[in-house]
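Thanks for coming. I will take a few minutes to go through one structure, and you can follow along on the screen.

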Amino acid sequence: MIDLEAEYLAALGDTSPLRRRQLHQAGVPQRAIDLAGPAYTRVRPVGSALFEPNPDSNLGAFILPVRVDYPDTPESPDPEAVIEGGEIVDLVAFDPEVGAQWILRAGNAEWLGACPPQYLDPPPVPLHRSPIDWLRAGCEGVVCLARAPIEIHRFLCRFAALDVADDRHAEELQALLERPPTHPEILVGGRTHRHVG
């Protein structure tokens with residue numbers, strides 16, 4: 001069992017002011033650093049999508065705790081409180097210089113961030129491409145951390161409206177939403193079910 005909080009707090013305690021300045025230079029406001037608490041540590045990739053802390057590694061990364069209010073939705077009546085002190089379900093590691101890439105510690109997270117409840121005509125939720133973009137935006141909105149197209153599709157369909165930074169991102173998301181997700185084959189007693197209309 002991974003103790004995510006202990007790993008995060010150990011990395012946070014070892015994060016130097018020089019590393020925090022590196023985030024400032026990458027365009028991250030102090031308020032976002034205070035709110036999300038990025039930490040710096042040495043990591044070792046495990047497979048293609050996970051990492052583990054490793055002090056002997058030559059690969060360093062910033063890590064953020066992925067916090068939630070509810071385990072099945074990014075919605076919360078107080079998104080800032082979630083980002084600052086919600087339950088940690090995973091850690092996400094990234095390099096500010098390679099913004100569109102990240103890896104998870106446990107593979108439990110589908111999103112980073114939190115948003116207001118999605119009912120009664122809510123305002124559009126900012127959707128960012130990467131953890132560094134989310135930090136630069138002051139931790140407003142969410143980042144989709146899901147990898148599989150069906151998981152991304154399911155995640156996007158949670159929102160009444162999404163606000164993205166550029167046309168290319170909007171087009172990518174629209175294409176993904178227009179493609180119906182794959183579904184399981186339906187069998188009856190081990191045989192393929194034939195629909196008679």
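Tyr40, Phe62 and Phe94 come together as one aromatic cluster. Keep in mind that this is a predicted model. Tyr40 also has a charged residue over its face: Arg19, at 3.7 Å from the ring centre.

How many aromatic pairs are there by the distance rule for ring centres? The count is four. One of them is Trp111 with Phe155, with centres 6.3 Å apart and planes at 20 degrees; that angle is under 30 degrees, so the pair is called stacked. Trp111 belongs to strand β6, residues 111–114, and Phe155 to helix α6, residues 149–156, so to speak two distant parts of the chain, 44 residues apart, linked by this pair. Are these two residues buried or exposed? The cut-off for buried is under 20% relative accessible area. Trp111, at 5%, is buried, and Phe155, at 0%, is buried as well.

Now the sheet that β6 belongs to. This is an open sheet of four strands, in the order β6-β8-β7-β9, and the pairing is mixed. Which strands stand at the edges? They are β6 and β9, the latter at 162–163; each has a single partner strand, so one side of each has no neighbour in the sheet. In general, strands of a sheet pair through backbone hydrogen bonds, either parallel or antiparallel. Here β7, residues 125–128, pairs with β9 in the parallel sense, over two bridges. Pro126 has Asp163 of β9 as its bridge partner. Helix α6 lies across β6, β7, β8 and β9, and runs at about 165 degrees to β8.

Next, the nonpolar cores. The largest has 24 residues, and those touching the most other members are Leu64, Val92, Leu112, Trp134, Leu135, Cys139 and Leu145. At least two residues each come from α3 (30–36), β3 (60–68), β4 (87–94), β5 (102–104) and α5 (131–136). Which element gives the most to this core? That is α3, with four residues. Apart from this core lies another, of 14 residues, which includes Trp111, Cys115, Val125 and Leu127.

Last, a look at Leu135. Leaving aside residues up to four places away in sequence, Leu135 touches Val28, Pro29, Ala32, Ala36, Leu64 and Phe94. Phe94 is also one of the three residues in the aromatic cluster I began with. That is all I have.

Terms used: Residues numbered from 1 in each chain as written. Predicted model: local features only at pLDDT ≥ 70, side-chain atom pairs only at ≥ 80, totals over all residues. Heavy atoms only, no water. Phe/Tyr/Trp six-rings, centres within 6.5 Å; stacked < 30°, edge-to-face > 60°. Buried < 20%, exposed > 50% of the residue type's maximum accessible area, 1.4 Å probe, protein only. Lys NZ or Arg CZ within 6 Å of the ring centre and 35° of its normal. Pairing = 2+ DSSP bridges. Contact = heavy atoms within 4.5 Å. Axes fitted to C-alpha atoms, helices over the stretch in contact; angles between N-to-C directions. Core = buried A, V, L, I, M, F, W, Y, C linked by side-chain atoms within 4.5 Å.
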